[in-house]
Amino acid sequence: SDVCSSDLVNHHVEIHFSFVLSGRFTLEAAQDTHALAEGDAFVLPPHMPVQLAAESDDAAVLVVRLPA
């Protein structure tokens, strides 16, 4: 599935780790907005509604999901 979404998405995994490989993203989570760039990383708790949007043409993110 695509990592970026224009809608809020709930992740039903125990651990959701993401590392920005290149480019820029905007992460909306827990009513906060975070600007992310190359080298940034984040971990999401289970069932947290989030939205990740690519903000540049070279945006790439590595995602690791571990089931509950």
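**Figure 1. Seven strands and zero helices make up the secondary structure of the protein.** The model is predicted. Along the sequence, the elements run β-β-β-β-β-β-β. Strand β2 spans residues 15–22. Strand β5 covers residues 41–44. Strand β7 takes in residues 60–66.

**Figure 2. Contacts and burial across the chain.** The protein has 68 residues, and 28% of them count as buried. Take the contacts between residues at least 6 apart in sequence: 69% of these join residues at least 24 apart. The accessible surface of the protein is about 4400 Å². Carbon and sulfur atoms account for 54% of that surface.

**Figure 3. A nonpolar patch lies on the surface.** Its members are I15, L21, V43, L62, V64 and L66. Together they present about 490 Å² of accessible area. Strands β2 and β7 each supply at least two residues of the patch.

**Figure 4. Strand β7 gives the nonpolar patch its largest share.** Three residues of the patch come from β7. The strand runs over residues 60–66. L62, V64 and L66 belong to the patch.

**Figure 5. V43 is a patch residue in strand β5.** The strand comprises residues 41–44. V43 has a relative accessible area of 54%. The cut-off for exposed is over 50%, so V43 counts as exposed. Also in the patch are I15 and L21.

Methods: Residues numbered from 1 in each chain as written. Predicted model: local features only at pLDDT ≥ 70, side-chain atom pairs only at ≥ 80, totals over all residues. Heavy atoms only, no water. Helix = DSSP H or I, 4+ residues; strand = E, 2+ residues; numbered from the N terminus. Buried < 20%, exposed > 50% of the residue type's maximum accessible area, 1.4 Å probe, protein only. Contact = heavy atoms within 4.5 Å. Areas by Shrake-Rupley, 256 points an atom, 1.4 Å probe, with all protein chains shown as cover. Patch = residues over 30% accessible without salt bridge, like charges linked within 9 Å, V, L, I, M, F, W, Y side chains within 5 Å. Salt bridge = Lys/Arg side-chain N within 4 Å of Asp/Glu carboxyl O.
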